[in-house]
Amino acid sequence: MQGFPGGAPDPQQLQATMLAIEQACSLIQVHMNPSEAEKVISSLHSSLMPYQACRFILETSHVPNARFQAAGAIGDAAVREWGILSDDNKRSLIAYCLNYVMEHASSPEGYVQAKVSAVAARLLKRGWVDFPDQEKSAIFFEVEHSIRGIHGPNRQFAAINFVEALVSEFSPATASAMGLPKEFHEQCEWTLEVKFMKDFYCWAQAAVFNAADSILSGNASIDEEKACSAAFRLMFQILSWSFKYNVEHANSETKIDSGLRSDAINLKKFERSLVKPGSMWSDILISSGHTTWVLNFYTTARQKYSYDPLWFDSPIAASCRQLIVQLCSLAGSVFPNDSGDAHINHLMHILSAVVLWIEPPDVIASSIRNGASESEFLDGCHALLSIASFTTSLLFDNLLKSIRHYGTINLLSALTSEAVKSFVDNQNEEETWGSDALDISLEIWNVILGDFDADKSPMSVDGAIAASNLFKIIVESHLKAAADSAFEDTDDAEYFHVSVSKRDEQLALYAQIARSAADTTIPFLAQLFSERFARLSQTNGENDPTQTLEELYWLLLITSHVLTDSGEGETLLIPEALQAGFPNVVEVAQHPVVTLSWSIINFSRQCLDPGIRARYFSPRLMEAVIWFLARWVATYLVPLDVSRGQVSRAEIDNVDKHGFQHSRKVLNSFAWENNQGELVLDFVVLISMVALTTYQGENELQTLICQKLLATVVRRKHTCTFIVQLDSWRDLTRAFASGRSLFSLSGRLQRSLAETLACAASCIKDPEASVQYLKDLMGPVAGCLVENASRSDLKSVAQKADVVFMVCCLLERLRGAARATQPRTQKVLFEMGHTVMNSLLTLLEVYKNQSAVIYMILKFVVDFVDGQAVFLDSNETSVLVNFCLRLLQIYSSHNIGKVMLSLSSSLRNELQAEKYKDLRALLRLLTNICSKDLVGFLSDSSIEGSQDIAEVIYVGLDIVTPLISLDLLKYPKLSRDYFALVSHLLEVYPEKVANLNNDAFARIIGSLEFGLCNQDSDVVERCLTAVNALASYHFKERLGGRGGLSSQLMESEGSNGTLQESISSHFLRLMLQLLLFEDFRMELAGSAADALLPLLLCEHGLYQGLVQELLEKQQNPTVKSRLAMAFHNLTNSNNLSSLLDRPNRQRFRKNLRAFLGDISGFMQIK
Amino acid sequence: MSDSEDHHFESKADAGASKTFPQQAGTIRKNGYIVIKNRPCKVVEVSTSKTGKHGHAKCHFVGIDIFNGKKLEDIVPSSHNCDAPHVNRTDYQLIDISEDGFVSLLTESGGTKDDLKLPSEEPLLTQIKEGFAEGKDLIVTVMSAMGEEQICALKDIGPKN
């Protein structure tokens, strides 16, 4: 071949290279000495001009892996040596690869062919900008001929394969690295999309078109089918391209009226990608009837091959279906700018073909259960989802009505039923078609029901019936499954939590279906409950109630989801669907939501009776009851003013819809009527007490009580003000403060209980009563700690396990209370903290070897400082700061220089982990103390205490920095805490840093360098802030004629070896490197500008030198001049001055953003 | 504050006699101590499960013997009590290492304690020996539980004056 690179080959050497590569390949396959073998292969990839050897291997080797490696080596070497190859060389390499795939098109080793195609595509892209157009046309001329089938099906397949490789090489996500700037890749992407993509699609179309007849008549050869399915795949791939260079119509009103939706839909589990190729594609995709042709082709073929169950999974069927599903997602200006008719027609066409894949669902489902393929069914579901996301639910329902006497929602309901049944039957197996189909169909419901909510237009009558029937089937299937699984053991807790969140997601989607037909589904649920309540009361000890309990458990879960939203952290409203769903109900006692609620709550009340509790309130049932109560109370005990306000406003709006509004009013106010609300709250406290004291060791249940139920009631002011007045609440707080019973809770729960109880204090209106409440609650706890810490025999009893346990409990409680600090309760809680300070120091000394206690003391102080810092006056501050200083000193005297050891490596790891936790707590503590100082600066900078704070922090830093290694900083939580502290510190006390000794200073600077290259943008931002603080300080000091940081030197990699330089020049180098050559994130540009500006001002000379150096390195004159321009603009535009004031910083921020935008195109390399 | 009597640490007359203390299984956390098969262990893993969905919770503990490092497991209903060992750690100043591998330690009251052997494993062994040879002031921590004792940590408090 003419122009093939590399000198005249030496046959013996070629033979030797081939043998070496073949041997290496076969060694890798049997996994013998793989690293040696890899070395041999990579030496081929990196050797100079390996083309002749590769060619020899490709043409003569019988080992396919060797040929594969040879092809890869051609690609790597050519991209690397592109600069030294002549134009002839380049052309001939591409031609060689293309010829190779064409000539060996019938080779059985497809992956070798694919690799050679990919190499051809890669090289073609590499030369894309340099090659003249006619050369490219010549290549594509050949390719087109082959794709059209002129040289037979094998070559057709090979050519399609090549175009596939080309498209994926040009797509940014799948492009291979070439060491070229981003602009190059963008230019390639643009020309391919605008000039070639449509042609490729037409060629594939032609290929399919030519093969269609023989396939449909059953005469096609295997090769023909293979080529045809490859063509479908190519069309799919082209439609998956993210089109960028098209023009869209403006959104017209008429289109929205027609029933198409233009809003962005967020799908929960699936990605929705719109295919928007633009108006240029209209002729081949829409007006030519292409979609219809594809649909007809598939429909005819599936009829023809219906005798063969394997056909549905054949490549041709699968790729054709994939294309059809993709065609569903067509959108935008590819459709004519009419009132949406063309688009609706398009969807209707697809639906009429797809409906055959999924209807009738029961028949198809049973045949899948008997072993038929499920892929067509699932593809049908995907198509339906795609259609649903384009249409309003009304249009969605109507689409099917033109060919059936029922709507699409009916079909969807039947389909979902089958999916539920299959899912429930195979719940324990992984990844069944049932669960896939269920996920998709629930997503469709989510899309169409979400639309109803937005519209406020009620669902059609058929639609509601369909939803109601579906919900019945869902409930019945799950109840059956619940009864069947009642005797199984529960899973391990960790797995449990994962599956719970998955289950909740599913239940929430079921609930949405139930709400869309609330008038029938809620009474249905009420009836199911009353049946099971009756069954339980009849069991009186003879029958095992377990199955009924499990059914009730499931019913409570689904009912919670139907009646309430989960709304983490939001104010919960009564679901709109329920408020609007009962326009005809005027009597409170008749309202299904009301009766259902009371029947469940009345049933739950029975758990207060010890006999009944023992008989059937199992821990698990209690969990469901508590969970239900928490959600119900949060939703239905509506704040009185809100419920009144809402209704009266609504009455003014809609006087005529009287009944409708009345049912709303009923729902918003029923819970408080006749003192019911107070009774429910009283019950909440009673049931909490029961669950905390009589369900010993049931951590799951008790967690729900402390963290969900009680937290919910206390967090809402309107329920909390009621609850603090209750006798039962007083009993609970008394039991906590001075009884023993609640010490049986685990430590974590005692903490959250203390937090909740202390929080309630801020809802007691009378300030004195509130103070007294807290004193009664926490006084005994603090008192006990003090009293015991001052015992004379402390040393002898302290290490006993029960004493350790008690101390931990008390510390947990104190910590919980500290976390509840609020403006109103701050004073009392500070007093509480103050009384225990000395005791804590004693305990820190006594328990120096009990890491668990030490950690708890640290954590208490962290939370205490966090809660108190903002409120303290100077006296209190100095008390707190002195305490912290003592604490740190004692801690460091125990821990610096200590070597731990243990026989077992896992115990040693545990010790490490404990130290790591201590370290984090210390970092938090220092940061919290720092934050006090910031506040202090804002209000009154002459506070006496501020000097102390600086001291504490430097003692702390002295403890912490030697323990922090770069390895430890790889832990994200620790590194965030650490950098938060350092940036804080440098902002507040740069002058202190200047005086640090060299070691400590180098440690901080070293960690900053590490942080600047971190992945976490939070960390990088913090480091930039720190650099800014450091450099600004330096600049200001020098301006004032002082030395600043000049005494601190750093070793740095300069252009001529290591050199000593000042901190500011060190960071200047680093910043420029970061901005120019790394993939710098634009969101950090602001902080980067703030850090860079003082560096520039400090080291102007060095900066000029570095810029000059950079410019001289550039070979390409255009790049050079653009870079020079960008640098010029960076420092000269916008009237930048040499000050560090705010306006100047703003200007520099603007300049740097423009600079980064300018250079990212040609400086960033892929 | 008369109620606070309830929270008093219990120190009975025979305080030294009991080696363990009963603690509810549900409150024992990872990193706590527990007795499994009559050995004091540090808990490295706790998981809970239920006997039948509507039964009571039980805790599954994985513990590591704090003296010999062996792994032990136990399952206990979470409302039942487990034994928690009293684990004590005391610091002594090292005054001598005898040829047969025993150490001589200075107690707080000024007496000596001579019944402990050097630990057998590295790096502590070398560090103690070398440190002692260099004449440094060394503090060793001795861990004791359920009648057993072992040196478990070392601290250098500076050269001897």
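Predicted model: local features only at pLDDT ≥ 70, side-chain atom pairs only at ≥ 80, totals over all residues.
I took local features at pLDDT of at least 70 and side-chain atom pairs only at pLDDT 80 or more, while totals for chains, interfaces and linings use all residues. Residues are numbered from 1 along each chain as its sequence is written, chains are lettered from A in the order in which they are written, and side-chain values use heavy atoms, without hydrogens and water.

**Interface.** I looked up the contact (heavy atoms within 4.5 Å). Chain A gives 72 residues and chain B gives 60. The buried area is about 5500 Å², with 52% on carbon and sulfur atoms; this is accessible area (1.4 Å probe) lost on being put together, summed over both parts.

**Salt bridges.** I found six between chain B and chain A, counting a side-chain nitrogen of Lys or Arg within 4 Å of a carboxyl oxygen of Asp or Glu. One of them pairs Lys42(B) with Glu914(A), with the closest N and O atoms 2.8 Å apart.

**Chain B side.** I checked which elements touch chain A. β11(B) gives the largest share, seven residues. By class I noted 18 nonpolar, 27 polar and 15 charged residues.

**Cavities.** I used a 1 Å grid over the protein atoms alone, keeping sets of points where a 1.4 Å probe fits but cannot get out. Three cavities have 30 Å³ or more.

Note on methods
Buried area = accessible area lost by both parts, 1.4 Å probe. Helix = DSSP H or I, 4+ residues; strand = E, 2+ residues; numbered from the N terminus. Nonpolar A, V, L, I, M, F, W, Y, C, P; charged D, E, K, R; others polar. 1 Å grid on protein atoms, 1.4 Å probe; cavity = no way out; pocket = protein on both sides within 12 Å on 5 of 7 lines; lining within 4 Å. Points joined across faces, edges and corners; volume = space filled by probe spheres on them.
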